[in-house]
Amino acid sequence: MLRWKRIAENFISIHVGKEYNGEPYYWTTFYYYKGLIVDTGCPHAAEESLNFVEKKKLDANAILLTHYHEDHSGGAYLLKERFDIDVFAPRKSLEILANPLEVPAYRRTVWGQPKPIKANPLKKEMELDRITVTTIETPGHSFDHVSFLTENIMFIGDLVTNPTPVIMKKEEDCIDLIDSLKKIMNLDFETAYGGHGFWDKNGVKTTLNNLEKLKEKVDVLWDKGLSVERVVEKIFSNVPEKVLLMEEMSESEWSRKNLVESLLGMRHKPHQ
Ligand SMILES: [Zn+2]
């Protein structure tokens, strides 16, 4: 299913998801901005997304991807093929986009299996038809994640998904994520448009503060000698049912334990 919103002149948010009982399992958002398509929704919605772009007669000149995840890259292969336009993605994503891994069953249900995409590497500054886009490396949510700044608008992919996280995906690196949020806070923008919501600068700041406070709490307990499991019990014993359900459904690809381990730096790899 697909919903869309006009944000401003030549600026549209497009929300897509696989329908289940009249509701999407989960929404993912991509954008049309002055000739650019920023992210592309999930594989299940690829045809619907293409039909929308065609029907609205959006003048698409290029596709930019913030990271390789299937709910952001899933429609790129069809849009590229239909409009004969280039897909630009982080250099680090090119290999995995061309040879996507088989995603776990729950993600195949919710988003779909991604198809191979041939993308070109993003440059730091790009002149694209009507606008200039700056690419900022913002790893953390994934190893390859970038954000885009154009005029006073930020496209942040999944840099912020939940301002008060209680659960995290296994591949996420909170140390990098905190650094990336700090980097973004130094830039001049009004609104950050992401894959799962919009945030003003204060919203981004709140997310950063919450993560830093949570890290402090986790560090104190860890320094007292508590195990990761005990830290999880201490901080996250009273969580909504849906958090537990998500842990179970994803076979702990998403979990509170991942969040604690990530905050402790266990997912952090030194950069080359
Ligand atoms: Zn993602």
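Visitor: Which backbone oxygen does the side chain of His 145 reach at 3.3 Å?
Guide: Keep in mind that this is a predicted model. His 145 sits in the loop between strand E11 (131–137) and strand E12 (146–150). Among the residues it touches beyond its sequence neighbours are Ile 156, Gly 157, Asp 158 and Leu 159. Within that group, the oxygen reached at 3.3 Å is the backbone oxygen of Ile 156.

Visitor: And which backbone nitrogen lies 2.9 Å from a polar atom of the His 145 side chain?
Guide: Look again at the contact list of His 145, which includes Thr 66, His 67 and Asp 158. The nitrogen lying 2.9 Å from a polar atom of that side chain belongs to the backbone of Asp 158.

Visitor: Is His 145 buried or exposed?
Guide: The cut-off for buried is under 20% relative accessible area. His 145 comes in at 1% relative accessibility, so the label is buried.

Visitor: How far apart in space are His 145 and Thr 66, C-alpha to C-alpha?
Guide: Thr 66 is one of the residues that His 145 touches. In sequence the two are 79 residues apart, but in space the C-alpha to C-alpha distance is 5.7 Å.

Visitor: What does the side chain of Ser 180 have 2.6 Å from one of its polar atoms?
Guide: Ser 180 is found in helix H6 (residues 174–185). Leaving out residues up to four places away in sequence, Ser 180 touches Glu 137, Thr 138, Pro 139 and Leu 159. The atom at 2.6 Å is the backbone oxygen of Pro 139.

Visitor: Is Ser 180 buried or exposed?
Guide: Anything under 20% relative accessible area counts as buried. Ser 180 has a relative accessible area of 2%, so the answer is buried.

Visitor: Which residues are on the covered face of strand E10?
Guide: In a regular strand, side chains alternate between the two faces of the sheet. E10 covers residues 125–128, and its uncovered face holds Glu 125 and Glu 127. That leaves the covered face to Met 126 and Leu 128.

Visitor: Which residue in the turn of the E10 and E11 hairpin has a positive phi?
Guide: E10 and E11 run antiparallel, joined by four bridges, and Glu 125 stands opposite Thr 134 in E11. Two residues lie between the strands of this hairpin. The one with a positive phi, about 45 degrees, is Asp 129.

Visitor: Which are the edge strands of the open sheet?
Guide: Seven strands form that sheet, in the order E1-E2-E5-E6-E7-E8-E9, with mixed pairing. An edge strand here pairs on one side only, and that describes strand E1 (2–8) and strand E9 (120–121).

Visitor: What is the bridge partner of Ile 37 in E7?
Guide: Strand E6 (residues 36–38) and strand E7 (residues 62–64) pair in the parallel sense over three bridges. For Ile 37, the bridge partner in E7 is Ile 63.

Visitor: How many residues apart in sequence are the parts tied together by Arg 130 and Asp 59?
Guide: Their side chains meet in a salt bridge at 3.4 Å, N to O. Arg 130 lies in the loop between E10 and E11, and Asp 59 in the loop between H1 and E7, so the parts tied together are separated in sequence by 71 residues.

Visitor: Which helix holds both Glu 233 and Arg 230?
Guide: These two form a salt bridge, with the closest N and O atoms 3.0 Å apart. They are three residues apart, about one turn of the helix, and both lie in helix H8 (residues 228–235).

Visitor: Last one: what is the area of the nonpolar surface patch made by Tyr 20, Tyr 25 and Tyr 26?
Guide: Tyr 25 has its place in the loop between strand E4 (23–24) and strand E5 (28–33). Tyr 25 is partly exposed, at 33% relative accessible area. Together with Tyr 20 and Tyr 26, it makes a nonpolar patch of about 340 Å².

How values were computed
Residues numbered from 1 in each chain as written. Predicted model: local features only at pLDDT ≥ 70, side-chain atom pairs only at ≥ 80, totals over all residues. Heavy atoms only, no water. Patch = residues over 30% accessible without salt bridge, like charges linked within 9 Å, V, L, I, M, F, W, Y side chains within 5 Å. Areas by Shrake-Rupley, 256 points an atom, 1.4 Å probe, with all protein chains shown as cover. Salt bridge = Lys/Arg side-chain N within 4 Å of Asp/Glu carboxyl O. Buried < 20%, exposed > 50% of the residue type's maximum accessible area, 1.4 Å probe, protein only. Contact = heavy atoms within 4.5 Å. Polar contact = N/O pair within 3.5 Å; in protein donor to acceptor, adjacent residues only side chain to side chain. Pairing = 2+ DSSP bridges.
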